[in-house]
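Reader: I would like to learn how to read a structure like this one. Please take me through some of its features in turn.

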Amino acid sequence: MTDTAAQGTPPHDTPAPPMAMLAELTHRCPLACPYCSNPLELIGRKAELGTAQWAGVLRQAAELGVLQLHLSGGEPAARRDLEDITAAASGAGLYTNLITSGVGLTCARVRALAAAGLDHVQLSVQGPDAASADEIGGYRGGFARKLEVALWVGEAGLPLTLNAVMHRRNLDRVDQMIALACELGARRLEVACVQFHGWATLNRGALMPTRAQAARASAAVKAARERLKGVLVIDFVPPDHYARYPKACMGGWGSTGLNVMPDGTVLPCHAAMTIPGLVFERVPERALAEIWRHSAAFNAFRGEAWMQEPCRSCERRHLDRGGCRCQAMALAGDPAATDPTCVKSPLNARLRAAAEADSEAAGTLTYRPAPA
Amino acid sequence: MSAETSLAETIPDAARPALLGGVRTHWDKVRGRWFLLAPERAIALDEIGRAILAEADGARSFAEIVDRLAARYDAPRARIAGDARAFLAALIERRMAEARR
């Protein structure tokens with residue numbers, strides 16, 4: 001690993017303000033998904049910011065220039081004050097999106113959230129039917145609750161996005177997911193293939209899709225987009241282990257978005273704590289704007305000065321910014337390396353071979369236990 | 001069928017365009033410009049986009065909207081109609097607006 005990450009780059013020109021913020025209100029969650037994207041070390045209830053602290057952070061976010069707020073978790077509905085936090089977000093002028101599994105919501109709560117100014121609901125689905133969805137989520141009755149929540153969201157006049165997390169066990173059923181989204185009156189569907197970071201790496205052997213599955217799903221999405229023009233908007237996040245080039249993770253480190261953990265720790269992306277040597281600061285101890293502009297962790301991978309070859313001279317560096325820093329750390333052992341999902345990475349052949357081997361493995365599911 | 005005919009079918013003169021619920025314009029005081037905020041999207045609006053959306057209230061017909069914009073900007077009606085149709089049709093396709101009949 002280089003020293004770039006540990007020391008941070010010299011004070012940066014004032015970065016453009018962030019467009020979006022993900023607020024992880026809690027890491028508590030009734031589900032136990034084997035691909036959970038929360039960090040390996042979960043934050044317990046006692047360390048969570050209180051209602052007034054969150055309200056202050058949200059006002060700071062709006063003043064800094066955040067337009068889109070995502071209330072997430074864990075399961076944000078596990079917080080009794082979700083309605084108050086939503087009202088604070090709406091009062092600050094933020095476009096407020098609730099990212100939820102649906103578990104913990106009632107008809108009355110959905111109505112109260114709409115009255116508090118909630119703009120949009122993104123409901124996760126683990127599969128197109130109860131048996132497969134509840135098996136992956138590790139929570140019986142979860143799927144049935146989601147169907148109810150989708151109905152309540154529509155009745156409250158809120159737009160609905162369905163977020164379908166896909167992997168080897170359900171990727172061939174993408175058409176059923178699309179049909180479910182239409183049936184539930186969703187305007188948008190996110191078909192998001194599992195990112196094998198953190199907890200999900202334990203389940204590579206059980207969940208890694210095959211290359212053929214990825215190709216079939218991509219074709220199915222393309223056909224559905226054409227068929228459902230003006231009815232359903234579909235965003236597709238393909239499995240990046242089979243892609244040619246990496247994704248511009250977070251639109252570029254410290255460029256577009258930021259993430260606040262339940263205890264107020266501010267991160268450039270939700271997995272940033274996997275990069276050793278970075279020091280992350282917390283709100284409310286330090287102002288959000290100062291953290292965004294001046295903290296060494298946010299400046300570590302801004303711009304292009306940190307890049308190595310082959311990124312440094314690559315014509316695609318403005319497009320993908322070298323890919324995901326956390327994936328570079330996890331797979332190349334160096335957060336400043338080229339994301340190994342890029343064909344130009346010297347590690348790419350090995351990464352693909354490992355993905356293909358895992359896609360043929362007969363792994364069992366390792367569920368995620370909830371924090372204290 | 002030409003692209004123009006297709007747009008005219010999406011938004012006939014008598015249709016009343018409006019943003020869908022959960023989609024709104026927002027003055028961003030930090031960046032000093034208007035945005036259209038929608039699920040997972042923030043779209044920077046120019047003056048004409050903002051003006052079109054300010055008129056598209058679900059009550060006025062597309063034809064009325066074009067008349068008002070043509071008067072306000074002292075611009076040829078056909079050009080305003082073309083721009084406004086393309087702009088609104090793109091929002092309809094992206095599930096951010098509707099053309100009420």
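Reader: In which sense do strand 3 of chain B and strand 4 of chain B pair, and over how many bridges?

Author: Strands of a sheet pair through backbone hydrogen bonds, either parallel or antiparallel. Here strand 3 and strand 4 of chain B pair in the antiparallel sense, over 4 bridges. Two strands pair if DSSP finds at least two bridges between them. Helices (H or I, at least four residues) and strands (E, at least two) are DSSP runs, numbered from the N terminus. One bridge joins B:Leu36 to B:Ile43, which lies in strand 4 of chain B.

This is a predicted model: local features need pLDDT of at least 70, and side-chain atom pairs count only at pLDDT 80 or more, while totals for chains, interfaces and linings use all residues. Residues are numbered from 1 along each chain as its sequence is written, and chains are lettered from A and ligands numbered from 1 in the order in which they are written.

Reader: What is the order of the strands in the open sheet of chain B?

Author: The order is 2-3-4, with antiparallel pairing. Strand 2 and strand 4 (41-44) of chain B each have a single partner strand, so one side of each has no neighbour in the sheet.

Reader: How many residues does each chain bring to the contact?

Author: Chain B gives 16 residues and chain A gives 18 residues; two residues are in contact if their C-beta atoms, placed from the backbone, lie within 7 Å. On the side of chain B that touches chain A, strand 2 (24-28), strand 3 (33-38) and helix 4 (77-93) of chain B each supply at least two residues.

Reader: How many helices and strands are there in chain A?

Author: Chain A has 14 helices and 9 strands. Its C-alpha trace spans about 50 × 50 × 40 Å along the principal axes.

Reader: Which residues in helix 4 of chain A are buried?

Author: A residue is buried if 20 or more other C-beta atoms lie within 10 Å of its own, exposed if 12 or fewer, and partly exposed in between, with C-beta atoms placed from the backbone. In helix 4 (residues 107-115) of chain A, the buried ones are A:Val110, A:Leu113 and A:Ala114. The buried residues of this helix pack against helix 3 (82-91), strand 3 (95-100) and helix 6 (142-155) of chain A. Just after helix 4 of chain A, A:Gly117 takes a positive phi of about 110°.

Reader: What share of chain A counts as buried?

Author: Of its 372 residues, 53% do.
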